Amino acid sequence: MSTPFEKPQIISHIQKSLNYTIFDCKWIPCSAKFVCLGNLARGTGVMQIYEVHQGELQLIREIEKAKPFKCGSFGATSLQQRHMATGDFDGNLHIWDLEAALEPLYSVKAHKEIINSLDGVGGLGVGDGAPEIVTGSRDGTVKVWDPRQKDTPVANMEPGEGEAKRDCWTVAFGHAFNEQDRCVCAGYDNGDIKLFDLRNMAVRWETNIKNGVCCVEFDRKDIPMNKLVATSLEGTFHVFDMRTQHPTKGFASVAEKGHKSTIWQVRHLPQNRDVFMTAGGAGNLHLWKYDYPAQRSKDDLEGGAMGVAGTVNLLQNVTLSTQPIASLDWSPDKQGLCVCSAFDQSVRVLIVTKLNRV
Amino acid sequence: MSVSEVGSLLNQENTFSATLDHYGKVPVEHLDYGYIEKCMDVKYLEKILRVLRSGEEGVYPHLIQFCEDRLKSLDPTSRALRKDQPVATAASLPTEEWSEIREDLQRWQEETKDFEASILPSSIFHGIGNENVPPIRGTNCSVPLGQNAASKAKNKPPKRALPLDYKDWDKFDVDRECEMIDRSESKKDPAAVINSGHVKIRTRVDVTTLTEKEKLLLASREKDKGNEAFRANGYEEAVAYYSRSLSIVPTVAVYNNRAQAEIKLQRWHRALQDCQRVLELEPLNLKALLRRATVFQHQGSLPLAAEDLRAVLRVEPHNAAAAKRLTEVDKKIREGQPELPAKGRKIFIQDIEEDDDVTGKDEEKAEEHARPVDPRQPVGGVDSVVSPVEWGDMGNAQKKPYGGGRGDGASPHGDANNGSHGHHRRGRGGSWDKHKAAAHESPGPGKAANGTGKRGSTASDHGVAKGGTPAGVDLDAPSGALPPPLARLKNEGNLLFKNGQFSDALGKYSQAIASFTESGIDSPEDLCILYSNRAACYLKDGNSQECIQDCSKALELHPFSLKPLLRRATAYDSMERYRKAYADYKTVLQVDNSVQAAHDSVNRITRLLIEQDGPEWREKLPDIPLVPMSAQQHRREEAPTPEVLQARAEKAALDTARRSELRFTALKQEGNEFVKKGQFQDALGKYTECLKLKPEECTVYTNRALCYLKVERFAEAKQDCDAALSLEPTNKKAFYRRALANKGLKDYLASSSDLQEVLQQDPGVQEAEKELEEVTALLCQSLASGATPSPPTAKPRKKVPITEVDGDQDRSTTDSTTRPQDCGAINLQPADSYEFGQSLNAARSRGDAAACANLLSSVDPERLPRLLSNQLDGHVMGFMFEALDEHLLARDPGRVYRLLQYLHTAERFQVVLMLLETAEQRRVTQLFEHLSSVQSDDLTKDDVQNLANKYII
């Protein structure tokens, strides 16, 4: 363990109150700007672009749309274009050119109900292969979209006839290390986690963590899947070692109860996949580091290989707010810079120090 | 630790009778300093802490603190210790730390602004450059959310989106679909799926459509990925990511990292290559030096490892790790010393082999080394008067022009500088005499080391005893272009040396050298002196190896400097490497032939060498460099002979030759590794580089030929084999591979003759036998195939397999068994020229003229020219004549006549006829004699005569 002085510090750099409920915030790649997505009191959606400038936040642009925005991503766009994909309360998936956001570049009624979560891959030089967006909705389906194909998804993961529809709370891409391979992980309100293999168009693995899955994220999208973190409603999170899949036991995992309340988000540090931050329902942030075991796989009794989970260590924890922190995003360009939004209608820019020494 | 264990433990330790119950209440008496101090149970302590914090039993802040401390000492990661902390703000940080963070952030903001602006203009080209994006995955493929994924995946073949209309079918990639199916089949086995996946990661990234900045971004991200994989012990994967990063933008750091990963994988050659590349870009990269040292150590090149470690220590004298490893390596070298002479000889042999074009380059290099000397002469001004003796002898003096000039700057030592220079001059004369005296005293053979030792000491006294200030030496006296701290280090070293504390002096000099290189002063002369002085220390310590190294370095910096030369000669002498010692002494004498010690040593060594090597001892000498006029002090009368001139150039070539030798072996081994892995293209590159270094290495040619064969570049393969054979005319491998190449080029004749050559040399080569059979068959086929211009589809399109070790043809090995089978297999009713040719050749290869006669009697004479096609040659014709004469003529002279009548209309007939050998010509004559002597109704003598005129020229 590091000494107190060597520990990373989480510093609140800028705090800004907003006049709407903010659901998501995302850094615009290659810039000091970020986008806030939310819901105005009058029931419309709002998108604001802020720039960090000399310790202040400057509002660059504000765009109002008919439906409240729930989530957004830059994952499926090129560095030059930087188009943002958003999901709204009405189940629409839009892609916007933030410079000219009058009309969406791409628009589809993706789901019957709210899009809870979306993720993109194949853009920004992250992951080889086609640009794709995955959306997860309350209607129980998870759909994969290609911005080049209008109206229909490229893949649709839905419950069969007569099966119960579960609310999908979170989706994430991973395993996109070449042009063909790609996986989608989805978490549901009943604690189900499902891993879809887009190459084979099949469910590759599933498990249940007993409590609603609030957020899942791979440590990196563009490598053979390495680790997956899934956070849950009652404050535990699980780290799965995704390298070795045992035919019956699946992936090895370690569970940690970090928060006393729901963990709303988990985000891995883009510059170091073994460091991640969890954002809790009590307005607190925990910074963790995953330590690998000496051997990442061992032989089970039948001679097959099974994974071995490592350990999770708390690096730092702070309380920011009394309200849940609903979203968190690390700057992809500046190590240690992150933005988070809480339900106290405020957005905060944080600096985490000494991350290169953990 | 279970509850009961803890209980019993506690009962032993103290008097508490209360049993512990994790689920019950904590007894009040446990909320006590004494109890908490002794309690070892973390869980229970956490519980106590909870009770204390809750305040149920009252608030005791100190006890809480005490309990927390106790818990921390037992389990610092205990969850009970986690406390919610308020978020830090700028105010909670030290001011300087915050301002640092702030500035950093500010800088980043500005940088990103620029960067953003730089990527914006290209946004005009929206959508361009997307052509290499993979196709859309499919349309609305539904994936059932099955409950049992494993069984579902097994039962149900993965669903693929089948194209809906015809246009889409055009895009349908059959190969990929097949691959998918194969893959899904292989996935069915229930073994664990391991996603280490490094094999599948492409090591190249297509960045053609990206801007420079994007490339940098991408490269650094790949590097991050590599670092992460490295930390997780995924070295293979790390190498893959580093390679990706390098394929985008090559950087020193990534090469360095990849070297480390390769070291972890124990792939020494690749690691070496990466280190080499780093050092090419950054010659003093410590990490690369350390890593290269590791590689050398593992490859057994201990001296090279030691050299690298020393280079590290020169830059960073306090690098503990390097120092420790250096002692290890030195120890190993010393342990392995008995091997040294053998090693030395090996190198010597290699030196002889060096090739001419390398020498050419090295001559240039040698000149470059020499060049810095010349321009200094005119700069000297006043000092040019200074006799060359002092010049070469006392390094310090050489710097005077610079020292004086620079010292005049803002330095407060300006005056002292000049003053001390005066001292220098005065002192020097005296000490030079001393030097000579010492040299004269130098006793005969055997005691040479001693004598020179003394000489060394007196010589290096100069630095200290210059002004004749024995005790209160001015340690800060500036020397040369050295900055004061360095000058001080040097002077301290000199003083220590004078006092006989050689190892301490050694340290001082090492420090001085290290900080010298760090400070980046451009004054090779000063460095030369430092090395020379350190060499003296090594010599005193009896460490001849190091001494030689330092002297060599000094000489590199300042060629033909007298002292290092003398010291090196002494060191060689003491190591009994007389030839080198002789060369050095001779060079010394060229520089200054008044050095008596050198004369003595030369005489002594000459005797020793004559004893050792006999009358031809001179031939075994290394080359003695020619000393340029400018460096000669007491020049001898006779001008240097051209041999000496040449010798000097060759001597200078030694170093690079050795280096290239090293590189050559490395490259070759890499190539071989690639071949083992089946990466023939990569191997080709390596071998080609090898051949650039050494164009007369036969094995490399044959190896490269193999690679060419594997990638089906037969013409090149053949060329390589030819080259190999020109170097080594009996190389079996070369013959065999040339045979394969010829086979690939469809030159079956040449192929078979090569194979026969192989079998002649070594009849036991089964592959060759097999190949020969195959080639013979192919030869027959090809001979026949040209006969009729059959439609292209009918042409035999057999792919020529290249089998190196075991062919998959199940041909029987013994000829005796195949013969009867083949005999029956001769096709007497050939349908086309190919079959005819096959049958004919089968008959001919066994010398079975009767079979040939049968064949000829069964074919329609009119078809004969067509069946023969263009495959007619002298042997075939001779054989046919033999068959006709001996077998068919007696049976059916009319047919013979008609066959002959049509034969002469065959393609190539005239040419073949002209080239017939005498034996065959005789056979033709014989045939016509027999034919004309045969009495038959349907042919007259005139007809035969007419025909004979066409055959007999």
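How many salt bridges are counted between chain B and chain A? The points below begin with that count and then turn to the strands.

1. The count between chain B and chain A is nine salt bridges, a salt bridge being a side-chain nitrogen of Lys or Arg within 4 Å of a carboxyl oxygen of Asp or Glu. One salt bridge joins A:Lys354 to B:Glu97, with 3.4 Å between the closest N and O atoms.

2. The model is predicted, so local features need pLDDT of at least 70 and side-chain atom pairs count only at pLDDT 80 or more, whereas totals for chains, interfaces and linings use all residues. Residues are numbered from 1 along each chain as its sequence is written, chains are lettered from A and ligands numbered from 1 in the order in which they are written, and side-chain values use heavy atoms, with hydrogens and water left out.

3. Contact (heavy atoms within 4.5 Å) involves 81 residues of chain B and 99 residues of chain A. The buried area between the two chains is about 7,700 Å², and carbon and sulfur atoms give 50% of this; the term denotes the accessible area (1.4 Å probe) that two parts lose on being put together, summed over both.

4. On the side of chain B that touches chain A, the elements giving two or more residues include α5 (95-119), β1 (141-144) and α8 (174-187) of chain B. Helices (H or I, at least four residues) and strands (E, at least two) are DSSP runs, numbered from the N terminus. The largest share of this side, 14 residues, is given by α5(B).

5. A strand pairing also links the chains: β13 (residues 155-158) of chain A and β1(B) are paired in the parallel sense over four bridges. Pairing requires that DSSP find at least two bridges between two strands. Within this pair, A:Met157 has B:Val143 as its bridge partner.

6. Chain A holds an open sheet of four strands in the order β14-β15-β16-β17, with antiparallel pairing. Its edge strands, β14 (168-174) and β17 (202-208), each pair on one side only. Strands β16 (residues 192-197) and β17 of chain A share six bridges in the antiparallel sense, and A:Ile193 is partnered there with A:Thr207.

7. A hairpin is formed by β20(A) and β21(A), with three residues between them. Strand β20 (residues 236-246) and strand β21 (residues 250-257) of chain A pair in the antiparallel sense over seven bridges. The bridge partner of A:Phe240 in β21(A) is A:Ser253.
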